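Here is a short report on one protein model. Look at the structure first, then read on.

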Amino acid sequence: MSLQEFMNEAVSPWMRVEAPNSDIVLSSRIRLARNLEKTAFPTVATEDDLKRIQQFFKRTYAHKSFQNYTDLEFVSISDLTQIEKRVLVEKHLISPYLAKQATAAGTIISENEQVSVMINEEDHIRIQLYYPGFQLKKALEEAFLFDDWLEQQVDYAYDETKGYLTSCPTNVGTGMRASVMIHLPALVFTKQINRMLPAINQLGFVVRGIYGEGSEALGNIFQISNQITLGKSEQDIVEDLQSVVGQLIEHERTARSHLMEQSSIGLENRIFRSYGVLEYSRIIESKEAATCISDVRLGIDLGIINHISKSILNELMVLTQPGFLQQYAKKVLKTNERDVLRASLIRDRLQLEK
């Protein structure tokens, strides 16, 4: 797949697949941090070292395939415009940190966008593998296989006692971050989320916004991931995260049921008001759009709205982001221009559902 195709499609192909608990869990991700043996880590490496690593990965893996992850496309970050970088961040194909790297950074992306490998981010290699819905164990199995395939060509920095060695001490050990992207509107509406988040943190997990560290939980979407990477196996970390997320899913379902039983008219009013805002607005800011999209998705999941596909949340959450809007317009837009275009694209998308 070409870079332009990655840019043009708001929803990655893997996101369109029906999956377990996909009404609440949008995606499961495994990220593995790796470094090359006897090579300075990116945080202290010279520019020449980083360029050699970048060229090695381009030469070795560009347009190769592994199982279902076909036609791996190598993209040099320095060749991208600011808008293109932002689009890749909004699609979670690269991190905000990688987008800021000026020297010898790159990424390798599979045709279905399910796998991306960031080169010379904080570590030499950061493998990301996604699955739709709540499929952490499956994602871990596939990430291990992909990691083994990469390791056929490289030697990793590894210590028998410490495990995988990484630039940041918090990643030493497994080098793994397991995470889920979860939609929790009912827990937010009922304010139960306020007491749950501190409890989750105390269990060794971190709750962030949709784009990870430092980002806001737009549209009632939260990213939950492990903090501990040392002293536990990857399987144990995933088991623990599965347990926490499983409980959140149960609480969210219970909260949705209570809302339907105790205040169904109020809930329907909120959902249809949000739908009206999306369908008729001529100007809409990103935060308001995210809130309204979340309400409409809840309405779809509860059967209150039945003429729109539930993939609309995934699509509109990307489609309405600043980078994608400017990519669509093929130019840099001022804030008010983005707000007008955002409203127009949402109206057009909803019309297609009728």
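## Overall build

The protein has 13 helices and ten strands. These are DSSP runs, numbered from the N terminus: helices are H or I with at least four residues, strands are E with at least two. The radius of gyration, taken over C-alpha atoms, is 21 Å. Along the principal axes, the C-alpha trace spans about 65 × 45 × 30 Å.

This is a predicted model: local features need pLDDT of at least 70, side-chain atom pairs count only at pLDDT 80 or more, and totals for chains, interfaces and linings use all residues. Residues are numbered from 1 along each chain as its sequence is written, and side-chain values use heavy atoms, with hydrogens and water left out.

## Surface and charge

Of the 354 residues, 57% count as buried. Buried means under 20% relative accessible area, exposed means over 50%, and partly exposed lies in between (1.4 Å probe, protein chains only). The accessible surface comes to about 15500 Å², and 49% of that belongs to carbon and sulfur atoms. These areas come from the Shrake-Rupley method with a 1.4 Å probe; for residues, only the protein chains shown count as cover.

There are 39 positive and 46 negative side chains. Lys and Arg count as positive, Asp and Glu as negative; His and the chain ends are not counted. The centres of the two sets lie 5 Å apart. Each charge is placed at NZ of Lys, CZ of Arg, CG of Asp or CD of Glu.

## Two nonpolar cores

A nonpolar core is a set of buried Ala, Val, Leu, Ile, Met, Phe, Trp, Tyr and Cys residues joined through side-chain atoms within 4.5 Å. The largest one has 89 residues. Among those with the most contacts inside it are Ile30, Phe57 and Leu150. Helix 8 (residues 234-262) gives the largest share of this core, nine residues. A second, separate core has twelve residues, including Ile77 and Val89.

Which residues does Leu150 touch, not counting those up to four places away in sequence? They are Tyr61, Val117, Ile125, Ile127 and Tyr156. A contact here means heavy atoms within 4.5 Å. Across the protein, take contacts between residues at least 6 apart in sequence: 72% join residues at least 24 apart.

## Helix 3 and positive phi angles

Helix 3 (residues 82-90) is mostly covered, with seven of its nine residues buried. Among them are Ile83, Glu84, Lys85 and Val87. His92 follows helix 3 and has a positive phi, near 65 degrees.

Lys38 is not a glycine, yet its phi is positive, about 55 degrees. Lys38 lies in the loop between strand 1 (25-34) and helix 2 (47-61). Its relative accessibility is 83%, so Lys38 counts as exposed. Asp71 also has a positive phi, near 45 degrees. Asp71 sits in the loop between helix 2 and strand 2 (73-76). It is partly exposed, at 24% relative accessible area.

## Distances across the fold

Val75 is in strand 2 and is buried, with a relative accessible area of 5%. Val75 and Ser243 are 168 residues apart along the chain, and 37 Å separates their C-alpha atoms.

Asp348 is in helix 13 (residues 335-353). It is partly exposed, at 42%. Asp348 and Ile83 are 265 residues apart along the chain; their C-alpha atoms are separated by 22 Å.

Methods. The radius of gyration is taken over C-alpha atoms; the globule rule is 2.2 Å times the number of residues to the power 0.38.
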